[in-house]
Amino acid sequence: MQGDELVKKIVFAWSRGAYAYEWFTANDWEERWGLINPAKQAKPAYCTYNTLIRTLRGLAPIGQIKGMGDDRWGFSFADPEGKDDRRVFVVWRENDKLPEADFRLGVGTGATCVSVDLWGNEKPEPVIGGEIRLQPRFRPVFLVVKGGGKQTAGAAMPLAVPAAASGIAPGETFRIAVQLGNPAGADRTAKLAVKLPEDLHVTSVAAQSVKLAAGTEQPVSAAVAVPPAARLPNLLQAKLNYALDGGWSGELSLPLEAVHVIQPGKWESRAPDFVLNREADIVNYFAADPANIDKLWKGSQDLGAQVWLARHDARVRLLVTVDDDVHDQPFLGGDAWKGDGLQVSIAIPGQQGLWEFVFYRAPDGKNRCHVSGIPAVTGLPNPWDKIPVNITTRPGGLNYAIELRDADLGFTPALLAQGIRFNLIVNDSDGKGIREGYARIAPGIGDGKDITKSPLVRFRLP
């Protein structure tokens with residue numbers, strides 16, 4: 001991952017006009033951010049740096065590749081004096097909720113192309129109709145083109161570009177859609193096949209054959225009905241296979257984002273919206289340390305939770321029943337995340353940034369809320385002292401009842417029906433004076449702040 005980031009950051013900064021990029025230190029010291037470890041051995045990032053230098057030496061950035069959409073990046077490099085006929089395109093993607101996609105880029109007839117991975121391995125790539133294929137993935141790749149004529153950054157065109165699929169819910173129908181392009185100088189037939197994840201409980205989607213005229217693009221879609229009884233994780237993965245006769249073929253990963261629909265009314269008569277009682281729900285910092293076996297998760301009685309959300313009386317109500325055999329919270333305010341308690345993140349449409357709360361029972365026995373992140377442009381005051389928090393103890397754990405009022409956070413019925421990003425973790429200390437781990441709905445709180453990984457939650461209006 002360090003090697004991936006090094007290439008991305010240097011290429012991005014250089015292409016945007018930077019004349020240098022400082023990478024902390026070359027050697028590891030107390031922090032392991034260098035490119036060479038304390039034993040003076042090259043780390044993987046050192047090798048990727050060598051590949052970047054070797055592949056781009058003598059070239060300069062000539063622009064960004066357009067047309068690939070948000071969170072997909074591509075930059076072009078060439079010899080500004082024109083003595084070297086190489087053109088190098090560096091491409092990658094971000095955002096694990098974005099579908100994989102393949103594009104085509106014109107490089108001219110008579111051109112040849114090889115891909116170079118981060119370790120310097122070369123592989124011949126086809127040039128069809130004067131175009132090459134761009135496959136932006138999480139790991140950057142260099143495409144080295146020789147010949148073909150003019151040195152321009154270029155604009156990408158679709159080869160097989162799926163649309164993002166979100167808002168998938170039990171009992172509803174969603175569409176898988178893909179934009180297909182035919183780069184050839186003749187009509188072609190494109191074949192599409194989709195493999196759905198087992199969690200959807202849908203047998204299959206019928207394969208399709210589509211005729212594409214030369215040099216044209218065409219959208220293709222298929223409807224998928226999800227059974228009402230399907231219990232969906234936050235993110236599912238489908239696979240899309242495409243084949244253009246006489247041309248390219250490939251397999252693309254297609255994330256399917258589920259939506260959690262909160263029914264009107266109170267929570268007392270329904271099942272929890274989230275249940276955190278499996279090993280997959282637990283993050284433990286000491287799982288690989290035999291000396292800290294006492295800090296490992298020992299089952300749902302050690303740490304587990306059930307989470308309900310409800311909407312009534314101009315507020316969102318949150319109920320969390322936590323199973324925790326030892327309650328320990330010696331901290332206050334901004335340090336309360338180190339002890340037992342809840343951390344909650346919420347992003348609301350139209351608001352910049354996110355709300356982040358810590359709910360906990362303080363050492364003095366009082367129930368408290370600490371707001372550690374507030375959207376910058378809401379104009380709302382910090383509501384930390386207004387949010388009703390009721391924490392009660394019971395045998396084997398605690399119950400948290402929290403009220404998030406419209407006036408304090410800027411909720412409206414329309415925004416809640418549109419959907420908010422919601423995430424929660426339950427921190428666990430077990431009397432050790434540190435956070436030894438936590439139960440989570442999704443990544444994006446305890447392992448770094450990333451609200452895009454949080455589930456989408458929609459409140460169905462009465």
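Modeller: What follows starts with the chain, goes on to the pocket, and then turns to other parts of the model.

This is a predicted model, in which local features need pLDDT of at least 70 and side-chain atom pairs count only at pLDDT 80 or more, while totals for chains, interfaces and linings use all residues. Residues are numbered from 1 along each chain as its sequence is written, and side-chain values use heavy atoms, with hydrogens and water left out.

The chain has 462 residues, of which 48% are buried; buried means under 20% relative accessible area, exposed means over 50%, and partly exposed is in between, with a 1.4 Å probe and protein chains only. Its secondary structure consists of four helices and 28 strands. Both kinds of element are DSSP runs numbered from the N terminus: helices are H or I with at least four residues, and strands are E with at least two. The C-alpha trace spans about 75 × 55 × 45 Å along its principal axes. Among contacts with a separation of 6 or more, 64% are between residues 24 or more positions apart; a contact means heavy atoms within 4.5 Å.

The largest pocket holds about 1,100 Å³ of space. Its lining has 38 residues, and those nearest the centre are Leu232, Pro233, His260, Asp273 and Phe274. Two elements give two or more residues to this lining, strand S16 (249–262) and strand S17 (274–276). S16 gives the most, with six residues.

On a 1 Å grid over the protein atoms alone, a pocket is an open set of points with protein on both sides within 12 Å along at least five of seven lines, whereas a cavity is a set of points where a 1.4 Å probe fits but cannot get out; lining residues have an atom within 4 Å of a point. Grid points are joined across faces, edges and corners, and a volume is the space filled by probe spheres set on the points.

His260, one of the residues nearest the pocket centre, has a polar partner in Asn234: their side chains make a polar contact of 2.9 Å. A polar contact is a pair of N or O atoms within 3.5 Å; within protein, one must be able to donate a hydrogen and the other to accept it, and residues adjacent in sequence count only if both atoms are side-chain atoms. Asn234 sits in the loop between strand S14 (217–225) and strand S15 (235–244). Beyond its neighbours within four places in sequence, Asn234 touches Leu256, Glu257, Ala258, His260, Phe274, Ile441, Ala442 and Pro455.

The largest cavity has a volume of about 110 Å³. It is lined by 14 residues, and Ile176, Leu192, Val194, Gln208 and Ala222 are nearest its centre. Strand S11 (173–181), strand S12 (188–195), strand S13 (205–212) and S14 each give two or more residues to that lining. S13 has the largest share, four residues.

Next come the packed parts. The largest nonpolar core has 41 residues, and the members that touch the most others are Ile346, Phe357, Phe359, Phe422 and Leu424. A nonpolar core is a set of buried Ala, Val, Leu, Ile, Met, Phe, Trp, Tyr and Cys residues joined through side-chain atoms within 4.5 Å. Apart from neighbours within four places in sequence, Phe359 has contacts that include Arg368, Cys369, Ile387, Val389 and Tyr400. A second, separate core of 33 residues includes Leu159, Leu240, Tyr242 and Leu256; Leu256 is also one of the contacts of Asn234.

Arg317 is in strand S20 and counts as buried because its relative accessibility is 15%. Its side chain is joined to that of His312 by a polar contact of 3.2 Å. Outside the four places on either side in sequence, the contacts of Arg317 include Trp267, Trp308 and Glu403.

Last, the backbone. Most residues other than glycine have a negative phi. Asn95, which is not a glycine, has a positive phi of about 75 degrees, and Asn95 lies in the loop between strand S3 (86–93) and strand S4 (102–106). Ala314 is not a glycine either, and its phi is positive at about 55 degrees; its loop runs between strand S19 (304–311) and strand S20 (315–323).
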